[in-house]
Structures are given as structure tokens and as C-alpha cells.
Amino acid sequence: MPYSSQLLHYLEQELALPPESIAMAVRQWQQQRGSLPIILWQYGFITLEQLDRIFEWLDQTRGNRLPKAP
């Protein structure tokens, strides 16, 4: 799953993660191709509560892009 600039903006602005932490996690994600939010949590950059917030945000964002049912 490619991560959008919207997610990176969310991490920096809403969760106040330092850009250096985000950059390190993105590098790890590029090598491992796992889940960026999980990598952030594994490296201790975010708490479980923040991880949950990220997944909720991703669900909401994904829902906004799905076609509306007739």
C-alpha cells in the first residue's frame, strides 16, 4: 500500500511526529514493505492509542474515496 502525502501530513501535523522519525519509518517501510503505522509503533515513535487513531484515519480516508452506493 503506497502511503500518500496526506498520511505523512497527518502524522506530522495531527500526531506531531518529528519529520526525522517519519523519514526513518518510511525508509524501513520501503525495505520491509510492511505497514507504515506498525513500523512507527515498533520503533516506539507512536503509542498504541496513536496507532489506533492512524488506522481510524486511514479507514475514514479510504471510505471517502469509495464510490457512493446508489
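**The nonpolar core**

Begin by selecting L7, L11, L17, L36, L40 and I54, which touch the most other members among the 17 residues of the largest nonpolar core; such a core is a set of buried Ala, Val, Leu, Ile, Met, Phe, Trp, Tyr and Cys residues joined through side-chain atoms within 4.5 Å, where buried means under 20% relative accessible area, exposed over 50% and partly exposed in between, with a 1.4 Å probe and protein chains only. Two or more residues each come from α1, α2, α3 (36-42) and α4 (48-65), helices being DSSP runs of H or I with at least four residues, numbered from the N terminus. The model is predicted, so local features need pLDDT of at least 70 and side-chain atom pairs count only at pLDDT 80 or more, while totals for chains, interfaces and linings use all residues. Residues are numbered from 1 along each chain as its sequence is written, and side-chain values use heavy atoms, without hydrogens or water.

Next, centre on I54: leaving out residues up to four places away in sequence, I54 touches L7, Y10, L11, L15, P37, L40 and I46, contact meaning heavy atoms within 4.5 Å.

**Helices α1 and α2**

Now show helix α1 (residues 5-13) with helix α2 (residues 19-32), which pack at an angle of about 140 degrees with their axes 9 Å apart. Select L8, L11 and E12 of α1, together with P19, I22 and V26 of α2, to see the residues that make this contact.

**Q6**

Finally, select Q6 in helix α1, which is in contact with W57 and T61 once neighbours within four places in sequence are set aside. Q6 and T61 are 55 residues apart in sequence, yet their C-alpha atoms are 9.3 Å apart in space.

Technical notes:
Axes fitted to C-alpha atoms, helices over the stretch in contact; angles between N-to-C directions.
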